[in-house]
Amino acid sequence: MTEQKPETLHIDPWEKRWIQISILMLIIFVLAVGASGFAFGFQVPLPEQRVDPARITDEGPFANPGLRELAPGRYEAYIVAQIWSFTPNEIRVPQGSTVTFYITSKDVQHGFTLQKTNVNVQVLPGYVSKLTHRFDTPGTYLFVCSEYCGAGHQSMFGRIIVEPR
Ligand code: CUA
């Protein structure tokens, strides 16, 4: 008579290894999100407010987009994205300025990614995206549309010029 082994859950060694790798990856991702949130100043680009994309150029702050000085070194920048450009497409601020960006779209989905910074938002018609950045290093910072928006997508860009004090 042969000995009856108790039935156990059989997991293929390779499957077991991949389960372990998946759990390890989850742990790495949780640590990465925590580190970016607390150590690198990651900002969740919450939709700040809703607007009517058909009327943004008629009324409100987007009717006259551009830079506004709130106090010395404190600015607000209202930017309108449309196929295939940003208005304004050039902004100048002195070194050390803190700029809060308010960005919306007049037509389709666009993106706003500011090189050399962690400013990177989706720009959707009907919503205002808001992010704040402090410019401590002088230079030219290119911003580009980072969401495919049609035939002229690659020509959607502008620059922020941070002038040395
Ligand atoms: Cu706008 Cu791509």
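**View 1. Aromatic pairs in this predicted model come to a count of 8**. Rings of Phe, Tyr and Trp (its six-membered ring) pair up if their centres lie within 6.5 Å; planes under 30 degrees apart are called stacked, over 60 edge-to-face, and the rest tilted. The model is predicted, so to speak of local features takes a pLDDT of at least 70, and side-chain atom pairs count only at pLDDT 80 or more, while totals for chains, interfaces and linings use all residues. Side-chain values use heavy atoms, with hydrogens and water left out, and residues are numbered from 1 along each chain as its sequence is written.

View 2. Strands here are DSSP runs (E, at least two residues), numbered from the N terminus. Both Phe 86 and Phe 143 are buried, meaning under 20% relative accessible area (1.4 Å probe, protein chains only).

**View 3. Phe 101 and Phe 135 make another edge-to-face pair**. Look for 6.4 Å centre to centre and 80° between the planes. Phe 101 belongs to strand E6 (residues 97–105) and Phe 135 to strand E9 (residues 127–135), 34 residues apart. Phe 101 is buried at 1% relative accessible area, and Phe 135 is buried at 0%.

**View 4. Lys 116 puts its charged end over the ring of Tyr 141**. That end is 4.8 Å from the ring centre; the rule asks for NZ of Lys or CZ of Arg within 6 Å of the centre and within 35 degrees of the ring normal.

Definitions and conventions:
Buried < 20%, exposed > 50% of the residue type's maximum accessible area, 1.4 Å probe, protein only. Helix = DSSP H or I, 4+ residues; strand = E, 2+ residues; numbered from the N terminus.
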